Amino acid sequence: MVDNILIDVLKKPEIMEGLSREQWNTCLREAKMSGLAGRLSYDARDIGIIEKLPAKVQDIFSSYDYNSASSTRKIKWEINRVKRALKGSDEKVVLLKGGAYIEKGMSCTVGRVSVDLDILIARNRIDWAEDIFLKAGWRHQVINDYDQKFYREYSHELPPLVHPDRYISIDVHHNILPTTSKLCPDVTKMIETSVKMENGFYVFSNEDIILHSIVHQFQDGEVRSSLRNLIEQHDMYKEFGKDEGFWQKLIPRAIELGFTRALYYSIHFAKNIFGTAIPDHIIADIKPYGPNIITGAIMKFMVMGVISPNLGAKGIARWASMNGLYIRSHWLRMPPVLLARHLTIKFFRKFQADD
Amino acid sequence: MNLSETNSFIKKENQFMPVASRFHNENKLVKLNDSELDKRLSGDGIAMEVGPFSVNVLIKFKNVREDFLKIYRDFPFYDEPIVLDHSISVFGRNLFRQYLRPQAFVETEMNNDTIPLPAKIGMVSLEMGFNWQVAMGCKQYLMFHAGVVARDGIGLIMPAMSGSGKSTLAAGLSFRGWQLHSDEFGLLDLDAGELIPYPRAVSLKNQSIPVMKEWVSREHDNYEDYFTPAYPGTPKGTICYLRPPDQSIEEMHKRTKPNFVILPIFDPNSEPKIRPITKTMAFFRLVASSANYGDIGERAFSSIAKIIEESFVCEIIYPSLDTAVELVEAFIAEHSDPKKAGQDDG
Amino acid sequence: MAIMPSEELINKSAVYHVVNTADFLWTSFEDSNILYDPASGHTQVLNDFAREILDLLEDGPKTVSHLFSEFEEIIEKELDPDLKNKIVETVINFDNMGIIEPV
């Protein structure tokens, strides 16, 4: 269990009513740095306690409300513009992440800020899509030849495209992970089971949506999003979990796509941090896919570091978490035994230096 | 001074403070002497009020504390915990950067990536940090990149890019009887349609420094007290900060509806001129000057439409601060209906 | 500048409609009409000519040819090529800004 006021408030928003001024400052600071201030505002309104909070808190919350509303509008409009550009074609285009959540009206979008739009297209249609976007006014953000080559050969997406009228970037993917990554799945399976929405775009099945979010967090080195992603998954377990079919499909699908280790972590942290209601049989069935003890312990420490950031001038935990999760993402590309030793020595040496 | 004495001191000197703002009558504001402020600034920090915002300030460099106090010593400080809009800390990231080659790192808690500056000019880092926090973190008030001043029911917005002289003009007007709202960030309350004062250190660059020193010296013999040292070598050249007039600090919660929009154009070789502009032009200039217009959306559009509907607008071209002030006063006088000004009393 | 809308206009069979009329915010000064579209967040100024074209499209979805004929009815004479070009240009701009869309 983690002793952290932000997590407590996320789990039980009603405690906001009784927070002291110092607690508010800690809570707001951590919420700001985790990108969750808008979420707290939404929760306070949702349970009807907003008017009971200090006037200053209401004022700060209204700023974050404008922020998240603006972000949602920008993503919705970018989706609209992509639709306009692709008009006349019946190519399957899948919305990913924030765009998908907004399109589906998912509960995890409340108070959330997304900065760009991610879409997925079959690999052999990438050039066609790029051509259409460029004709419709989008421009490459990355223009030097070396970077362009890097994106096309090693990455799983085109270099970002930006339309000068709007300055939101669209990332056109042909897979959800870099092709060089060990975890890179057979994405055609995910496209096959995707669901068509009213506006003609597709979104992944529920299991694939959550698995994508999970593998994205535990694969990439994004540190600041971590608590935000964990709660996003908590929301998804809650929302998707109302359908028994979801629980039945989840682990088999993770096995099929090769995401079982990441799913293990997600379930483990959701349960331990947020007390997410996950059926016992799921917890039992995922257990064999967990990590060995040493890796697990370090991983747990690092994630705890992220969730309880020490924001003082010298943040040991903060350093550790920032570097820890980043290093973690490279583990998956290098032999684990070698890295574990290298990591431990370097990690503890730095630990001592900061003391 | 014990606490009850300081409170009555506050009541007498700062008559607007307990009444005008809904945030402040809950908390105890105090007036502290320099040595007490210095102690708190260097310790855990101390919370101060700047217009509608409460910010905790912590400064680990003595010279920066001195410069800070020169500007802010008469601002309202809190003696008790309060809910903060922001927290800002200025310190050296390690022993080397703190003591041997002092370099001021600013933590704004808002993901800023500014380059640390030598601690000697740490005040610049601090002010840039304040700017960042407001520019990024304030979406609940419509924000204009503008000089804003007010007087007797008149609210004047002067939107402009850097180099237009708007900071100098706003400061100049404020030392001639106008209330300084801000030399850089105009704020508007979306509900009441009122301008919200946000008086901070006025930032003067290069040539404006001697101009303002001369300007302030005409009214105040002790004019040097109003200025920090000049800080050379910043990315924008030499910067110097000017403290707002005492009255503007005291009146920082007095709000006014905007009814004049003047676009200032500084041209040292020009003939002073008041030029008419269309309201459409003024509308778009206000929109273009607003960093959070896009985030606020509909309410921002409606608010700016209302401001322009209810305002007199023009452009002024001026070669000097003296002529600028004359032109502003002339335009205001031409369009001020003494009866209307009374009704608009904000 | 997008190529797609004008390609459609070449065959003049695209039917345009105004999607978000109900949500538009308007203000006006002098002879300008200023529009805010909450869906896109764009703020733009229309002169009376452009406003008239948008009005006609708000009345009901139509092709550019329909626009031409309705315009001719209002001004009670035939449109010269220059004016027709201006109408087409305006429609392209509206499409680019997302105020109108082909059905």
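Reply: Start with pairing: two strands pair if DSSP finds at least two bridges between them. Keep in mind that this is a predicted model.

Me: What holds paired strands together in general?

Reply: Strands of a sheet pair through backbone hydrogen bonds, either parallel or antiparallel. In chain C, β2(C) and strand β3 (residues 32-37) pair in the antiparallel sense, over five bridges. Within that pair, C:L25 has C:Y36 of β3(C) opposite.

Me: In what order do the strands of this sheet of chain C lie?

Reply: The order is β2-β3-β4 (chain C) in an open sheet of three strands with antiparallel pairing.

Me: Why is one side of β2 and of β4 of chain C left without a neighbour in the sheet?

Reply: β2 (25-29) and β4 (42-46) of chain C are the edge strands; each has a single partner strand, so one side of each has no neighbour in the sheet.

Me: How do I read a sheet in chain B?

Reply: Chain B has an open sheet of three strands in the order β13-β15-β14, with antiparallel pairing. At its edges stand β13 (202-205) and β14 (231-234) of chain B, each with a single partner strand, so one side of each lacks a neighbour in the sheet. Here neighbouring strands are turned by 40° against each other on average, direction ignored.

Me: How many bridges join β14(B) to β15 of chain B?

Reply: Two bridges join β14(B) to strand β15 (residues 237-242), and the strands run antiparallel. B:Y231 stands opposite B:I239 in β15(B).

Me: How do I describe where two chains meet?

Reply: Count the residues on each side, then ask which elements supply them. Here 19 residues of chain B are in contact with 20 residues of chain A. On the chain B side, β5 (86-91) and α11 (293-296) each supply at least two residues, and the largest share, three residues, comes from α11(B). By class, that side has eight nonpolar, six polar and five charged residues.

Me: What can I say about chain A as a whole?

Reply: Chain A has 16 helices and seven strands. Of its 355 residues, 39% count as buried. Among contacts in chain A with a separation of 6 or more, 64% are between residues 24 or more positions apart.

Technical notes. Residues are numbered from 1 along each chain as its sequence is written. Chains are lettered from A and ligands numbered from 1 in the order in which they are written. This is a predicted model: local features need pLDDT of at least 70, side-chain atom pairs count only at pLDDT 80 or more; totals for chains, interfaces and linings use all residues. Two residues are in contact if their C-beta atoms, placed from the backbone, lie within 7 Å. Helices (H or I, at least four residues) and strands (E, at least two) are DSSP runs, numbered from the N terminus. Ala, Val, Leu, Ile, Met, Phe, Trp, Tyr, Cys and Pro count as nonpolar, Asp, Glu, Lys and Arg as charged, and the others, Gly among them, as polar. A residue is buried if 20 or more other C-beta atoms lie within 10 Å of its own, exposed if 12 or fewer, and partly exposed in between; C-beta atoms are placed from the backbone. Axes are lines fitted to C-alpha atoms, for helices over the stretch in contact, and angles run from 0 to 180 degrees between N-to-C directions.
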